[in-house]
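Have the model open as you read.

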Amino acid sequence: MTPSQKSSNILSIHQPNYIPWLGYFYKIAKSDVFVYLDSVQYPRGQSFSARNQVKTPNGTTWLTIPVTIPDGKKGKASFLEVEFATDKWRKKHLRTLQMSYAKAPFYDTIRELVEPIITDETSFVELNISLIESFCEFLEIDTKRIRLSNLLEGYGEKTQLIIDICEATKAGIYLSGTGGGKEYNNEEMLNKAGIELQYSDFKHHKYKQLWGDFESHLSIIDLLMNHGKESRKILLGN
(Lines give C-alpha, C1' and ligand atoms only; values in the text may rest on other atoms or scores of the structure.)
Protein backbone atom coordinates (compact mmCIF):
# COMPACT_ATOMS: atom_id res chain seq x y z
CA MET A 1 0.00 0.00 0.00
CA THR A 2 1.40 3.41 -0.95
CA PRO A 3 1.96 6.22 1.60
CA SER A 4 -0.89 8.21 0.11
CA GLN A 5 -3.25 5.30 0.54
CA LYS A 6 -2.04 4.79 4.08
CA SER A 7 -2.56 8.45 4.98
CA SER A 8 -6.23 8.32 4.02
CA ASN A 9 -7.03 5.33 6.24
CA ILE A 10 -8.68 6.41 9.51
CA LEU A 11 -8.31 4.22 12.59
CA SER A 12 -10.12 4.43 15.93
CA ILE A 13 -9.81 2.13 18.94
CA HIS A 14 -11.63 1.56 22.20
CA GLN A 15 -12.18 -0.96 24.96
CA PRO A 16 -15.28 -3.13 24.41
CA ASN A 17 -17.57 -1.34 26.89
CA TYR A 18 -21.09 -2.31 27.96
CA ILE A 19 -23.90 -0.64 25.95
CA PRO A 20 -21.76 2.45 25.16
CA TRP A 21 -22.88 6.04 24.69
CA LEU A 22 -23.50 7.79 21.35
CA GLY A 23 -19.99 9.19 20.92
CA TYR A 24 -18.57 5.65 20.85
CA PHE A 25 -20.62 4.79 17.77
CA TYR A 26 -19.96 8.14 16.13
CA LYS A 27 -16.22 7.44 16.34
CA ILE A 28 -16.70 3.99 14.81
CA ALA A 29 -18.81 5.43 11.98
CA LYS A 30 -16.21 8.09 11.17
CA SER A 31 -13.41 5.52 10.85
CA ASP A 32 -12.31 3.11 8.15
CA VAL A 33 -11.13 0.61 10.76
CA PHE A 34 -12.13 0.22 14.39
CA VAL A 35 -10.21 -2.03 16.79
CA TYR A 36 -11.73 -3.49 19.95
CA LEU A 37 -9.06 -3.36 22.68
CA ASP A 38 -10.17 -6.70 24.06
CA SER A 39 -6.75 -7.86 25.25
CA VAL A 40 -5.65 -4.71 27.10
CA GLN A 41 -5.77 -4.33 30.87
CA TYR A 42 -9.22 -4.07 32.41
CA PRO A 43 -9.52 -0.68 34.21
CA ARG A 44 -9.29 -0.44 37.96
CA GLY A 45 -12.12 1.25 39.83
CA GLN A 46 -15.25 2.67 38.23
CA SER A 47 -15.34 2.88 34.45
CA PHE A 48 -17.78 2.40 31.59
CA SER A 49 -16.40 -1.07 30.89
CA ALA A 50 -19.22 -2.84 32.76
CA ARG A 51 -21.86 -0.13 33.15
CA ASN A 52 -23.78 2.68 31.51
CA GLN A 53 -26.82 4.84 32.14
CA VAL A 54 -30.38 4.70 30.89
CA LYS A 55 -33.36 6.95 31.60
CA THR A 56 -36.16 5.73 33.84
CA PRO A 57 -39.43 7.33 35.00
CA ASN A 58 -37.49 8.36 38.13
CA GLY A 59 -34.44 9.79 36.38
CA THR A 60 -31.26 8.22 35.11
CA THR A 61 -29.92 4.99 36.57
CA TRP A 62 -26.84 2.84 36.10
CA LEU A 63 -27.03 -0.61 34.57
CA THR A 64 -23.98 -2.31 36.07
CA ILE A 65 -22.67 -5.81 35.44
CA PRO A 66 -21.02 -7.34 38.52
CA VAL A 67 -17.70 -8.79 37.37
CA THR A 68 -14.88 -10.75 38.95
CA ILE A 69 -11.16 -10.87 38.26
CA PRO A 70 -9.17 -14.14 38.56
CA ASP A 71 -7.17 -14.58 41.77
CA GLY A 72 -3.79 -12.92 41.57
CA LYS A 73 -4.80 -10.81 38.59
CA LYS A 74 -6.06 -7.68 40.35
CA GLY A 75 -4.98 -4.68 38.27
CA LYS A 76 -3.41 -6.99 35.68
CA ALA A 77 -6.31 -8.88 34.08
CA SER A 78 -7.30 -8.17 30.50
CA PHE A 79 -10.88 -7.83 29.30
CA LEU A 80 -10.61 -11.41 28.06
CA GLU A 81 -10.05 -12.63 31.62
CA VAL A 82 -12.97 -10.80 33.24
CA GLU A 83 -15.96 -12.96 34.20
CA PHE A 84 -19.48 -12.40 35.47
CA ALA A 85 -19.60 -12.46 39.27
CA THR A 86 -23.26 -13.55 39.18
CA ASP A 87 -26.11 -13.91 36.68
CA LYS A 88 -28.71 -12.01 38.70
CA TRP A 89 -27.98 -8.80 36.78
CA ARG A 90 -29.44 -10.20 33.55
CA LYS A 91 -33.10 -10.20 34.60
CA LYS A 92 -32.61 -6.95 36.49
CA HIS A 93 -31.27 -5.14 33.42
CA LEU A 94 -33.99 -6.48 31.16
CA ARG A 95 -36.63 -5.54 33.73
CA THR A 96 -35.21 -2.02 34.02
CA LEU A 97 -35.26 -1.65 30.23
CA GLN A 98 -38.87 -2.81 30.15
CA MET A 99 -39.96 -0.42 32.92
CA SER A 100 -38.08 2.45 31.29
CA TYR A 101 -38.86 1.95 27.60
CA ALA A 102 -41.98 -0.18 27.19
CA LYS A 103 -43.78 2.98 26.04
CA ALA A 104 -40.99 3.96 23.62
CA PRO A 105 -41.87 3.65 19.91
CA PHE A 106 -39.16 1.09 19.15
CA TYR A 107 -39.06 -0.89 22.37
CA ASP A 108 -40.01 -4.22 20.79
CA THR A 109 -37.51 -3.83 17.96
CA ILE A 110 -34.56 -3.03 20.23
CA ARG A 111 -35.58 -5.57 22.88
CA GLU A 112 -35.35 -8.26 20.20
CA LEU A 113 -31.77 -7.15 19.54
CA VAL A 114 -30.51 -7.06 23.11
CA GLU A 115 -32.55 -9.64 25.03
CA PRO A 116 -31.02 -12.80 23.52
CA ILE A 117 -27.49 -11.46 24.06
CA ILE A 118 -28.08 -10.30 27.63
CA THR A 119 -29.89 -13.54 28.45
CA ASP A 120 -27.55 -16.09 26.89
CA GLU A 121 -24.02 -14.73 26.44
CA THR A 122 -21.67 -16.47 28.86
CA SER A 123 -18.55 -14.36 28.30
CA PHE A 124 -18.22 -10.76 29.48
CA VAL A 125 -16.14 -9.55 26.55
CA GLU A 126 -18.31 -11.46 24.06
CA LEU A 127 -21.44 -9.92 25.57
CA ASN A 128 -20.09 -6.39 25.13
CA ILE A 129 -18.80 -6.94 21.61
CA SER A 130 -21.96 -8.76 20.52
CA LEU A 131 -24.13 -5.86 21.71
CA ILE A 132 -21.92 -3.29 20.00
CA GLU A 133 -21.94 -5.34 16.80
CA SER A 134 -25.74 -5.60 16.89
CA PHE A 135 -26.09 -1.84 17.34
CA CYS A 136 -23.63 -1.14 14.51
CA GLU A 137 -25.53 -3.42 12.17
CA PHE A 138 -28.83 -1.81 13.13
CA LEU A 139 -27.34 1.64 12.52
CA GLU A 140 -25.87 0.44 9.21
CA ILE A 141 -22.33 1.32 10.27
CA ASP A 142 -20.13 -0.62 7.84
CA THR A 143 -16.73 0.28 9.32
CA LYS A 144 -14.34 -2.69 9.41
CA ARG A 145 -14.15 -3.90 13.01
CA ILE A 146 -11.29 -6.03 14.37
CA ARG A 147 -10.32 -7.41 17.77
CA LEU A 148 -6.85 -6.54 19.03
CA SER A 149 -6.44 -10.15 20.16
CA ASN A 150 -6.83 -11.24 16.52
CA LEU A 151 -4.61 -8.47 15.16
CA LEU A 152 -1.44 -8.43 17.27
CA GLU A 153 0.21 -10.82 19.70
CA GLY A 154 2.52 -8.18 21.11
CA TYR A 155 2.25 -4.41 21.32
CA GLY A 156 3.45 -1.39 23.26
CA GLU A 157 1.68 0.82 25.76
CA LYS A 158 -0.19 4.12 25.36
CA THR A 159 1.00 5.95 22.22
CA GLN A 160 3.14 3.01 21.14
CA LEU A 161 0.02 0.83 21.21
CA ILE A 162 -1.68 3.29 18.85
CA ILE A 163 1.34 3.26 16.53
CA ASP A 164 1.49 -0.54 16.53
CA ILE A 165 -2.21 -0.81 15.64
CA CYS A 166 -1.94 1.88 12.94
CA GLU A 167 0.96 0.03 11.34
CA ALA A 168 -0.87 -3.30 11.53
CA THR A 169 -3.97 -1.83 9.87
CA LYS A 170 -2.04 0.47 7.47
CA ALA A 171 -3.75 3.53 8.91
CA GLY A 172 -2.25 6.98 8.55
CA ILE A 173 -4.83 8.86 10.62
CA TYR A 174 -5.68 8.12 14.23
CA LEU A 175 -9.10 9.36 15.33
CA SER A 176 -9.14 9.88 19.08
CA GLY A 177 -11.95 10.55 21.47
CA THR A 178 -11.78 13.69 23.59
CA GLY A 179 -12.11 12.00 26.97
CA GLY A 180 -9.64 9.93 28.97
CA GLY A 181 -7.95 8.63 25.84
CA LYS A 182 -6.18 11.95 25.38
CA GLU A 183 -3.60 10.94 27.98
CA TYR A 184 -2.35 8.25 25.59
CA ASN A 185 -1.77 10.66 22.73
CA ASN A 186 1.81 11.80 22.25
CA GLU A 187 1.34 13.73 19.03
CA GLU A 188 5.08 14.09 18.45
CA MET A 189 5.54 10.31 18.58
CA LEU A 190 2.60 9.80 16.24
CA ASN A 191 3.89 12.34 13.75
CA LYS A 192 7.35 10.75 13.74
CA ALA A 193 5.65 7.46 12.88
CA GLY A 194 3.84 9.16 9.99
CA ILE A 195 0.48 9.16 11.73
CA GLU A 196 -1.83 12.18 11.83
CA LEU A 197 -3.74 12.74 15.08
CA GLN A 198 -7.34 13.90 14.82
CA TYR A 199 -9.98 14.30 17.52
CA SER A 200 -13.63 13.35 17.23
CA ASP A 201 -15.91 16.30 16.49
CA PHE A 202 -18.97 14.55 17.92
CA LYS A 203 -21.76 16.91 18.98
CA HIS A 204 -24.49 15.50 21.21
CA HIS A 205 -27.77 16.50 19.57
CA LYS A 206 -30.99 16.60 21.54
CA TYR A 207 -33.64 14.08 20.59
CA LYS A 208 -37.11 13.15 21.78
CA GLN A 209 -37.04 11.09 24.98
CA LEU A 210 -39.53 9.75 27.49
CA TRP A 211 -39.76 11.03 31.05
CA GLY A 212 -39.29 14.78 31.15
CA ASP A 213 -36.31 16.98 30.38
CA PHE A 214 -33.64 15.79 27.99
CA GLU A 215 -30.72 13.84 29.45
CA SER A 216 -27.53 13.51 27.41
CA HIS A 217 -24.64 11.03 27.49
CA LEU A 218 -26.81 7.97 28.06
CA SER A 219 -26.35 4.53 26.57
CA ILE A 220 -27.06 4.25 22.83
CA ILE A 221 -30.06 2.13 23.90
CA ASP A 222 -31.93 5.29 24.92
CA LEU A 223 -31.64 6.78 21.44
CA LEU A 224 -32.48 3.50 19.70
CA MET A 225 -35.56 2.83 21.82
CA ASN A 226 -36.93 6.28 21.05
CA HIS A 227 -35.99 6.68 17.39
CA GLY A 228 -35.23 3.31 15.80
CA LYS A 229 -33.65 3.63 12.35
CA GLU A 230 -33.82 7.42 12.55
CA SER A 231 -31.10 7.12 15.22
CA ARG A 232 -28.41 7.00 12.53
CA LYS A 233 -29.36 10.47 11.27
CA ILE A 234 -29.48 11.88 14.82
CA LEU A 235 -26.16 10.24 15.72
CA LEU A 236 -24.26 11.45 12.66
CA GLY A 237 -25.98 14.81 12.41
CA ASN A 238 -26.95 14.45 8.75
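Start with α9, where eight of the eight residues are buried (under 20% relative accessible area, against over 50% for exposed and in between for partly exposed, with a 1.4 Å probe and protein chains only). Helices here are DSSP runs of H or I with at least four residues, strands are runs of E with at least two, and both are numbered from the N terminus. The buried set in α9 includes Ile220, Leu223 and Leu224, along with Asp222, Asn226 and His227. Step just past α9 and you reach Gly228, with a positive phi of about 55 degrees.

A word on the ground rules: this is a predicted model, so local features need pLDDT of at least 70 and side-chain atom pairs count only at pLDDT 80 or more, while totals for chains, interfaces and linings use all residues. Residues are numbered from 1 along each chain as its sequence is written, and side-chain values use heavy atoms, with hydrogens and water left out.

Now for the charges. The whole structure holds six salt bridges (a side-chain nitrogen of Lys or Arg within 4 Å of a carboxyl oxygen of Asp or Glu). One of them joins Arg147 to Glu126, with the closest N and O atoms 2.7 Å apart. This pair links distant parts of the chain, since Arg147 sits in strand β7 (residues 144-147) and Glu126 in helix α5, 21 residues apart. Arg147 is partly exposed at 22%, and Glu126 is partly exposed at 27%.

Glu140 and Lys229 form another salt bridge, at 3.9 Å between the closest N and O atoms. Glu140 lies in the loop between α5 and β7 and Lys229 in the loop between α9 and α10, so the pair ties together parts 89 residues apart in sequence. Glu140 is exposed at 52%, whereas Lys229 is partly exposed at 49%.

Within helix α8 (residues 187-192), Glu188 and Lys192 are four residues apart, so about one helical turn separates them. Their side chains meet in a salt bridge at 3.5 Å, N to O.

Last, the backbone. Most residues other than glycine have a negative phi. Lys170, in the loop between α7 (159-169) and β8 (173-176), has a positive phi near 60 degrees. Trp211 has a positive phi of about 65 degrees and is found in the loop between β9 (196-199) and α9 (220-227).
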